[in-house]
Amino acid sequence: MSAKAVALAIVILAGSLAAQSKSSQGKYVPPRTPDGQPDLEGVWTNVTITPLERPANLAGKEFFTPAEARQYEKDTVERNNADRRDGGAQADLSRAYNDAWYDRGTKVVETLRTSLVIDPPDGKIPRKGDRRAGPPPGFGRPPEGPEDRSLPERCILWPTAGPPMMPSFYNNNYQIVQGPGYVVILVEMIHDARVIPIDTQNAPRPHVDSKIREWLGDSRGHWEGNTLVVETTNFNDKTRFQSGGPNMRLVERFTRTAPETITYEFTVDDPSAFSRPWTAQIPMKRTEGPIIEYACNEGNYAMEGMLAGARADEKKAAGR
Amino acid sequence: MRNKLVLALGAASLLIAAAPVWAHHAFAAEFDAQKPVKLKGTVVKVEFINPHSWIHMDVKDADGKVTRWMVEGGSPNALFRRGVNKDALPQGTEISVDGYQAKDGSNRANGRDITFADGKKLFVGGSNPDEQPNAK
């Protein structure tokens, strides 16, 4: 087969897969809660090893073939394996502890997409001026106190815990609870509960005043058919999702597309950081409960250890 | 000044490139890659707590002097889902720990490898591509 024919075959396959995913979203009718809402309740996981952005070596390739997906999974699992002891002391130390503590997943998403970002079609976040996600606050100088360490290290915010919610290396579990007028999402990582008021025609619930700024932003939901649409604004200037700013507008869409699957999509719009809005799609699969509490501050002995480490470094540098 | 900035940005991008292997916090900030340790002793207590678990152990040196060490592991949540609980590591269990000592010289280390007396590794990992234990 010529290169052209291969390319054509890939395009056709990609097209049919995309069409398949669209039609499956259309066909399935989700069950209803007793008060008539499409039922999203339960415990779900978004664990996957599909990267957020398409890696450079997969440029131009929107979908894996099944064989390529298996190879990618094998390579990624080998690379991630924290039980490896190669690469020297620094690499060894950065792997922290045995692999059993991690829960990164071993599979790519079912659509076989090569990135979670589905729009733009190149799978890349359209950062303005090729801006990369900046370093966490505090990096680049010795920390004088907890406020100089990053937000996750301070147990305040996890960059993937949301909103929007993305997979990380463990605790990728979410419980959705629906009540009259509210949807609550309990996030295992960092243990946030997102309480989302639901707008209805008879009871509009506008966002809070723009002067009020929140770590998780201000979320408001409404139903569009079987899809829960949640709009979040009013972020503070420290959340900085993917280097975005406080005026980021986030729209999340939750659609139950199969008995065991919620198709979760989010669109980020922030002209201060991105040249256009961008969208990612992540399947959430039903999983065993319960959500386990992540009482982070209580057990954060490492904060003391890191600050003690910084003081030890200073002493060493001063020759004492 | 500019060089310093470039250096800092370079270091930051290295950190970001290394992000997939991050734990809850940067272990390099707490422990010293120049101070590898091998500890052999008995379990005193285990704290299965978030963000990271800690194993307390007594280590006896050649002269019979006992020193208490604290060994850092990961978030216990993934372990609980694999069926591991506090009974997995009762008080008095003999273990060996390979890790790196705290930068400030205190008796703390990360637990890179934790091994039982019979050579079996504790908490050996779930990285099997054919199973995804968490998804139903």
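Colleague: A residue is buried if 20 or more other C-beta atoms lie within 10 Å of its own, and exposed if 12 or fewer do. In this predicted model, does A:Q242 count as buried or exposed?

Modeller: A:Q242 sits in the loop between β7 and β8 of chain A. The cut-off for burial is 20 other C-beta atoms. Because A:Q242 has 21 C-beta neighbours inside 10 Å, it counts as buried.

Colleague: Near what value is phi of A:A96?

Modeller: A:A96 belongs to the loop between α3 (88–94) and β2 of chain A. This residue has 28 other C-beta atoms within 10 Å and is therefore buried. Although A:A96 is a residue other than glycine, its phi is positive, near 70°.

Colleague: Is A:K211 buried or exposed?

Modeller: A:K211 lies in the loop between β5 (192–197) and β6 (218–224) of chain A. A residue with 12 or fewer neighbours is exposed. A:K211 has 6 C-beta neighbours inside 10 Å, so it counts as exposed.

Colleague: How far apart in space are A:K211 and A:N234, C-alpha to C-alpha?

Modeller: In sequence, 23 residues separate A:K211 and A:N234. In space, their C-alpha to C-alpha distance is 7.9 Å.

Colleague: Is the peptide bond from A:G162 to A:P163 cis or trans?

Modeller: A:P163 is in the loop between β2 (117–119) and β3 of chain A. Most peptide bonds are trans. The bond from A:G162 to A:P163, however, has omega near 0° and is cis.

Colleague: What is omega for the bond that joins A:G289 and A:P290?

Modeller: A:P290 is placed in the loop between β10 and α4 (301–317) of chain A. The bond joining A:G289 and A:P290 is cis, and its omega is about -10°.

Colleague: Which residues have the most contacts inside the largest nonpolar core?

Modeller: This core has 38 residues. Among the elements that give it two or more residues are β3 (173–179), β4 (182–187) and β10 (278–286) of chain A. The residues with the most contacts inside it are A:Y174, A:V187 and A:I190.

Colleague: How many residues has the second, separate core?

Modeller: The second core is separate and includes A:L93 and A:A96. Residues B:L79 and B:I114 also belong to this second core, which has 35 residues.

Note on methods:
Residues are numbered from 1 along each chain as its sequence is written. Chains are lettered from A and ligands numbered from 1 in the order in which they are written. This is a predicted model: local features need pLDDT of at least 70, side-chain atom pairs count only at pLDDT 80 or more; totals for chains, interfaces and linings use all residues. A nonpolar core is a set of buried Ala, Val, Leu, Ile, Met, Phe, Trp, Tyr and Cys residues joined through C-beta atoms within 7 Å. Helices (H or I, at least four residues) and strands (E, at least two) are DSSP runs, numbered from the N terminus.
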